Amino acid sequence: MKTIQSISVVEDVTLVSLHDTPADFGVVAEIFKQLADAGVDVDMISQTPPHRNAPDLSFTVSGEDMGTVVTAAAALRAQHGDMKLSVSGGHCKISVFSEAMRGCPGIAGRVFAAVAEAGAEVVMITTSEVDISLLVAKSDTDAAVAAIEKAFS
């Protein structure tokens, strides 16, 4: 059964992770407000459950925005001294989309199995009812897309 409507790829994606962010959602809101005020378009967002009352917050931006994000993060770190920053470029975002995913168990498992079989390193995953987005190394992108296409052909 073919359940994938489209697979898209966005190149030159940078992963930004703020480790040990305060467990205060007002701080999270302020982070994204400062990025918006700086003109940074944020894409994938993921927050871990708090560990010692300090969750990690990761998000992606265009590689073009990396310098702006580092500057904004430095200002945030001045306000929240325990927060640590890591930035990693050279990624691509693969998005698998289909309305047929809604209420259809097993799609994520098939996508993940295909990407694992391709040997791609996945550094971040975000999902919705109709979309699975994977952040992978640029060098793994073609193999991962081909494996996903094969799994659903």
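Predicted model: local features only at pLDDT ≥ 70, side-chain atom pairs only at ≥ 80, totals over all residues.

Modeller: Residues are numbered from 1 along each chain as its sequence is written, and side-chain values use heavy atoms, with hydrogens and water left out.

Biologist: In what order do the elements of the chain run from the N terminus on?

Modeller: Helices (H or I, at least four residues) and strands (E, at least two) are DSSP runs, numbered from the N terminus. The chain has four helices and six strands, in the order β-α-β-β-α-β-α-β-β-α. Its C-alpha atoms fill a box of roughly 50 × 30 × 25 Å along the principal axes.

Biologist: What percentage of the residues in the chain is buried?

Modeller: A residue is buried under 20% relative accessible area, exposed over 50% and partly exposed in between, with a 1.4 Å probe and protein chains only. Of the 153 residues in the chain, 40% are buried.

Biologist: How many aromatic pairs are there?

Modeller: Rings of Phe, Tyr and Trp (its six-membered ring) pair if their centres lie within 6.5 Å; planes under 30 degrees apart count as stacked, over 60 as edge-to-face and the rest as tilted. The rule gives one aromatic pair. Phe 32 and Phe 59 are edge-to-face, at 5.4 Å centre to centre and 65° between the planes. This pair links distant parts of the chain, since Phe 32 belongs to helix 1 (residues 25-37) and Phe 59 to strand 3 (residues 57-62), 27 residues apart. Both Phe 32 and Phe 59 are buried.

Biologist: Which residues of helix 4 are buried?

Modeller: An α-helix has 3.6 residues a turn, so residues three or four places apart point the same way. In helix 4 (residues 141-151), the buried residues are Thr 141, Ala 144, Val 145, Ala 147 and Ile 148. They lie on the same side of helix 4 because they cover an arc of only 160° around the axis, the arc being that of the directions from the helix axis to the C-beta atoms. Asp 142 and Lys 150 are exposed on the other side of helix 4. The cover of the buried residues includes strand 1 (6-19), strand 4 (84-97), helix 3 (107-117) and strand 6 (131-137).

Biologist: Is Gln 34 buried or exposed?

Modeller: Gln 34, in helix 1, is buried, with a relative accessible area of 17%. Contact means heavy atoms within 4.5 Å. Leaving aside its neighbours within four places in sequence, Gln 34 is in contact with Ala 72, Leu 76 and Gln 79.
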